[in-house]
Amino acid sequence: MRLKLVSSNTSINFLKFHRLAVLFSSILVAGSIGLFAIVGLNLGIDFRGGILIEARHNSGPADIGRLRGELESLGLGDISLQGFGTETDILVRVQRQKGDEKAQIAAIQLVSATLGDDYDVRRTEFVGPTVGAELAEKGMMAVVCALLAIMVYIWFRFEWQFSLAAIIALTHDVLSTIGLFALTSFEFNLATVAAILTIAGYSINDTVVVFDRVRENLRRYKSFTLVDILNKSLNETLSRTVMTSVTTLLALMAIVVFGGAVLRDFAIAMIWGVLIGTYSSVFVAVGLLSRFDIKRNDDDGAETPEYERS
Amino acid sequence: MLQFQLWKKLFVVAIAALGIIYALPNLLNGNKNAAFLPGKKINLGLDLQGGSHLLLRVDIDAVRKERLENLGETIRRDFRTKKIRFSALVVTDDAVSLQLRDKIDGPTAQQIFSDLGSDYTPARDGNVYQIRLNDAGLTLMQTRTVDQSIEIIRRRLDPEGTKEPIIQRQGLDRILVQLPGVDDPEAVKRLLGRTAKLTFQLVDISMTAVEAKQRGRSPPGSVLMESANDDGLIYLIEKRVMVSGEMLDGATATFDQNNRPAVSFVLNSNGARRFGKVTGDNIGRPFAIILDGKVVSAPTIQSQIFGNGQITGDFSVAETNELALVLRAGALPAPLIILEERSIGPGLGADSIAAGEFAAVIGLVLVAVYMGLSYGFFGGLAVAALAINIILIIAALSALQATLTLPGIAGIVLTMGMAVDANVLVFERIREELGKGRSAIAAIDSGYQRAISTIIDSNLTTLFAALFLYIFGSGPIKGFAVTLGIGILTSMFTAVMVTRLLIVIWVERKRPTKLIL
């Protein structure tokens, strides 16, 4: 008896849903861009600059209400205070202070003094305006360079149509993840950039597996229509797609539930990424391939080893 | 694919054995019997072991300004000794400019300028000269200032040389400080927050400070200074420095005769000689103890003072301890500006490790159960390979002495989910081949053959993402990229080599004709 979430011999007509998928993805991407433009991201201190202090009450639950009043009366501008993980732990965020770095350091001291002896400061993070801008720039560079490198690699290993389809699917994943962050106001920080890049890596992994099968089937079934080949390839890899998604999701669930408050948002973003990445591999990347005119008469019909083709 | 030469088998076993040897120190946790092992433990990031990460900028502009002001004074002095008449000597942001009264002094002036050294470039426009600090001079100044700052920071943060801080230059004018195991990050910032430039200067008694302020200008050679204490006093201080911090031989926190916290100091022979002479000549006059441009106290000289003395002021015991430390370590050549700080308490670090480890174990169990249910015996083999994979990741991290961060732990857990992917690809292929009616051995063989190019393609693309994370990431994110990258490489190895070897051994023993997968 084996657990099989997907039977071995499916024959789902995935491409029948192509128009629906185009509609859905268009709305998703447009909505994400819209949310990003109108609502914006809840940028963490990594990019915006500012102060973050995590503290734990050393005898019992934190008195958030009283503390909020005291912190707001400090005149440091926008201060947010929230519980963090457990009822004894709090997280204080202070906006970037006017003036130079010295003003920021003074604000940290002011907040620590207000917390007083009842609280142990467990974490202090401060990012000055200069560094914040640099980190944002580097994060952007990382995402763009990774996408370009992936595109070039796929182009090199497959045909340009595959590369184009893959990069559109990846951009779709990245944009919709940013949309998720705008919608939920989850904090967007350096860890989020790492999550986005990992999502890109995961999603492209999935896409490449399907593309490999498409390439193989294109050579083997010369008489099939392109749509039939794409559907066949998707069905043949479906079992693997589901299997890998589920194992990765299981590991991520473990982080969400047990990994602590710091990693939770990161893991939630990754879970979204696994879902959207899987969807985009099947419906966006392969769907786009069906629109492209893929050259098929490139060899004499003999099965050449896949690895020698470029 | 099912032929596995002996040397390949030995290779796989050797790698796994090496992995276990290098991973072991982490498990034995400082056990003395483990001393024979070659490897070290994983280097924990500051977010896991607790500590302070500080990115500092050395305020070179302050040094340049000071240097140009000194240059102006040198030129003024040299011109006077050579009897050259000049006017409008101005020190700007990057140059000293002046005007010669007499054209005839031109060659002498040029000579003086060229004697200033190769760091300066003079330029002439009629009778107006501009002496600029040139690029070579600027670079040299930057390098020296940053190098000196690093040395002083090390002496301040780690006076006993036991804490193993990382203090390194970053770019032109930045210094990265990573100090593990910090209980009070505020104290660290206080230690770095002041240059601790100490001077003893005489108080100008030709008029009071208030008079000088009302007149709007101080007498030549004197300057107004604020008090370091919250008393609002101002002092009129002679510019000439009697003794400065470099002449200190030592400083310790102590108490004065009224039992108030104070810092006692000892001067070196040069300092003692100078201090002795000035104090001997000025008995009855007040002199000022000046720290970072503010007057700490201005006692009256009662008698000639030589080698040692005391600094008293509005100090707490903690403050005198810190002051004594920074005075011993020496003054910073330039102020330091904190650009970024990330400080983690030891408690939070320990909690993070515990949570991360627990999540990893749960993740492993979930994945193992699911693989077992899906693929039975082969699933079990894949889980065995996964276990070896995790050992190899830990071993690689230990051997490379890469830093494991909290996102790095997430990277390992994530790798577990993705590591089985390569096995899944193979197993699904084998299933397909079996479905086509192939024999067990033929199905396994062609399953591997067909899956390998897919495995390489899909993993290499993910490796690109990890590579760019490493290049552009900083701190914990870099740690994540390292574990992710190592995880991809080891999972490729374990899927293609370890699981296959296990299957080959199984096939050789059982010679299965039928296979249910």
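How many bridges join strand β2 (residues 51-58) of chain B to β17(B), and do the two strands run parallel or antiparallel? There are 8 bridges, and the strands run antiparallel. This is a predicted model, in which local features need pLDDT of at least 70, side-chain atom pairs count only at pLDDT 80 or more, and totals for chains, interfaces and linings use all residues. Residues are numbered from 1 along each chain as its sequence is written, while chains are lettered from A and ligands numbered from 1 in the order in which they are written.

View 1. Strands (E, at least two residues) and helices (H or I, at least four) are DSSP runs numbered from the N terminus, and two strands pair if DSSP finds at least two bridges between them. Within chain B, B:Leu55 has B:Glu340 of β17(B) as its bridge partner. From chain A, strand β5 (residues 119-127) is joined to β17(B) by 5 bridges, also antiparallel; here A:Thr124 is partnered by B:Ser343. A residue is buried if 20 or more other C-beta atoms, placed from the backbone, lie within 10 Å of its own, exposed if 12 or fewer, and partly exposed in between.

**View 2. Helix α9 (residues 261-291) of chain A.** At 1.5 Å a residue, the 31 residues of α9(A) should span 45 Å, and the end C-alpha atoms are 44 Å apart, which agrees; the expected span is 1.5 Å times one less than the number of residues. A kink of about 40° is centred on A:Ser280, the bend being the angle between axes fitted to the seven residues ending at a residue and the seven starting there. Of the 31 residues of α9(A), 24 are buried.

View 3. A:Ser185 is exposed, with 11 other C-beta atoms within 10 Å. B:Lys83 counts as exposed, with 8 C-beta neighbours inside 10 Å.
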